[in-house]
Amino acid sequence: MSATISKIEVFSIGMPLVGTFTSGGVSKSVTKCVVVRVTDADGATGISSIDPSSTAKSPHTGPELALAIRDRIGPALIGKDPGHINQICEMASKLTPSQPGAVVGVELACIELVCRRRGIALQDYVGGAVLDRLQFNGWVGELPPDEAVAEALRWKNAGFKSMKIKVGNDAAKDSARVKAVREAVGKDIKLRMDANMQCTVDQALALCKAVKSCDMQLFEQPVHKDDLAGLARIRREGGIPIMADESISDHQSLIRVIKADCADFVKFGIKQAGGLLQTARMLATAEAAGLPVVLGHGFGLDLSTTAEIMLAATSRNVLPGLECVGPLKVVDTVAKTRLDISKGSIALPSGPGLGIELDEEKLARYALPMDH
């Protein structure tokens, strides 16, 4: 790279959702995201988005991450080479030690810029794709059985081959929902359960026993993220493969899960893992440990979603049924073209970079004030 960074723009975005979504007891109707655009001295640009979870607390909310990039990281990177990703991440981490999400946004935008300058797609930056088509995972809320069945059949009829069913801590209600969905969709659809940490060990074991006949692909994060011993016990005694999600927040926590022998699958996304390069390293670690990965996060804009799709295509250890399904939950996009994953699978997108152009009018339409 020869041209250095001349400008870093940050957009705080409030993207309305197609309805109200509840996960782990937290409901929201708008997802607050951050869009980053890095421009170099030659006029080349790179873009990214960061999408904090619905349970994000200060200082990890979207508006706070946007301010961290605008006020602390951005000014420090002017004049730096966007191709020196390790240096950029090191510097950004020192400036925002308590906000790793801000580092992720800058890292991905710089990588995207590098890819555009080289004329390559994002997946080629990390070694190239081994998959040319990606599948996505549908979801069924904590609903009465008849409503859950209707939702599940919509996913199946659209073309989805797998879906997760949200469960809580009531084995009778949860098992009735799961059994109704399994009966409705037939045996060829992969079914997952996700408790978002709402169960005790005993409640999780009771649910495992109640749905034993339903051929569940996995049970996601039944107990609190720090209760690895509880996860391990459910894995030993429950008879259903366990997936750790909230238990994983970075590479170190992935190692802890591996050492605790408490999961059959692990799940993380690019922001959750700490950036594109860190996610690629974690994919390699999980594969070496014999743990397939479910990749993706639930409320992403097209930019972060496409990044996860492209990264997923580089590893056969990523389980079919990606969970980067944010575009299905939002009413619009900030890009000029909209990513369509509504049929449950897509051909691998091509670049350069993410192959996405920002729409200035929509950036303005969905802008949140940044006045702090």
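This is a predicted model: local features need pLDDT of at least 70, side-chain atom pairs count only at pLDDT 80 or more; totals for chains, interfaces and linings use all residues.
Residues are numbered from 1 along each chain as its sequence is written, and side-chain values use heavy atoms, with hydrogens and water left out. Local features need pLDDT of at least 70 and side-chain atom pairs count only at pLDDT 80 or more, whereas totals for chains, interfaces and linings use all residues.

The pocket is lined by 50 residues, of which S53, T55, D245, E246 and Q272 are the closest to its centre; a lining residue has an atom within 4 Å of a point. Among the elements that give two or more residues to this lining are strand 1 (5-23), helix 3 (100-118) and helix 9 (251-260). Helices (H or I, at least four residues) and strands (E, at least two) are DSSP runs, numbered from the N terminus. Strand 1 makes the greatest contribution to the lining of the largest pocket, with 4 residues.

The second largest pocket has a volume of about 250 Å³. Its lining comprises 13 residues, and C89, E90, S93, V103 and G274 are the closest to its centre. Helix 2 (85-95), helix 3 and helix 11 (276-288) each give two or more residues to this lining, and helix 2 gives the most, with 4 residues.

Helix 2 also meets helix 1 (residues 62-77): the two axes come within 10 Å and cross at roughly 145°. Axes are lines fitted to C-alpha atoms, for helices over the stretch in contact, and angles run from 0 to 180 degrees between N-to-C directions. In this contact (heavy atoms within 4.5 Å), R72, I73, A76 and L77 of helix 1 face I88, M91, A92 and L95 of helix 2.

The model contains 1 cavity of 30 Å³ or more, a cavity being a set of points where a 1.4 Å probe fits but cannot get out. The volume of the largest cavity is about 60 Å³. Among the residues that line this cavity are S49, D51, V104, L108 and H297. Helix 3, helix 10 (270-273) and helix 12 (302-312) each give two or more residues to the cavity lining.

Terms used: On a 1 Å grid over the protein atoms alone, a cavity is a set of points where a 1.4 Å probe fits but cannot get out, and a pocket is an open set with protein on both sides within 12 Å along at least five of seven lines; lining residues have an atom within 4 Å of a point. Grid points are joined across faces, edges and corners, and a volume is the space filled by probe spheres set on the points.
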